[in-house]
Amino acid sequence: MNRRNTRRDYYEKLNVLVACGAGIATSTVVMKKVEDLFAENNIDANLIQIKIAEAASKQDDADMLISTTVLPTEYKIPAIKAMGFLTGLGVDKLQDEILTKAREIQAQ
């Protein structure tokens with residue numbers, strides 16, 4: 001089901017893929033940061049931790065991809081590189097990008 005093409009119920013949760021190379025270490029760190037960011041901004045979301053290699057096959061059931069690794073391809077859903085959460089560089093800009101995209105998706 002590609003939900004991006006249907007009108008979204010305002011209260012429907014976003015499905016967000018959080019990816020790293022192995023789907024274990026860095027994605028766990030980023031998941032916590034995104035979870036906190038969404039909670040602080042009243043955005044209801046399901047966060048799904050994956051390996052980046054799984055992203056293409058899981059994108060049809062997701063609204064957004066947040067990745068700590070190089071994106072190996074283009075996706076049908078918005079994809080955001082989140083290395084800033086690990087390096088500490090550009091965190092404010094990264095948070096703004098994630099929140100802006102999440103709100104755009106919610107408004108659809």
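Here are some questions and answers about a predicted model.

Q: Why is Gln 59 called buried?
A: Gln 59 has a relative accessible area of 9%. Buried means under 20%, so Gln 59 is buried.

Q: Why is the pair Lys 76 and Asp 60 called a salt bridge?
A: Their closest N and O atoms are 2.7 Å apart. A salt bridge needs a side-chain nitrogen of Lys or Arg within 4 Å of a carboxyl oxygen of Asp or Glu, so this pair counts as one. Lys 76 sits in the loop between S3 and strand S4, while Asp 60 sits in the loop between H2 and S3, 16 residues apart.

Q: How do you know whether Lys 76 is buried, partly exposed or exposed?
A: Its relative accessibility is 46%.

Q: What does the salt bridge between Asp 44 and Lys 13 tie together?
A: The two side chains meet at 4.0 Å, N to O. Asp 44 lies in the loop between helix H1 and strand S2, and Lys 13 in the segment before strand S1, so the pair ties together parts that are 31 residues apart in sequence.

How values were computed: Residues numbered from 1 in each chain as written. Predicted model: local features only at pLDDT ≥ 70, side-chain atom pairs only at ≥ 80, totals over all residues. Heavy atoms only, no water. Buried < 20%, exposed > 50% of the residue type's maximum accessible area, 1.4 Å probe, protein only. Helix = DSSP H or I, 4+ residues; strand = E, 2+ residues; numbered from the N terminus.
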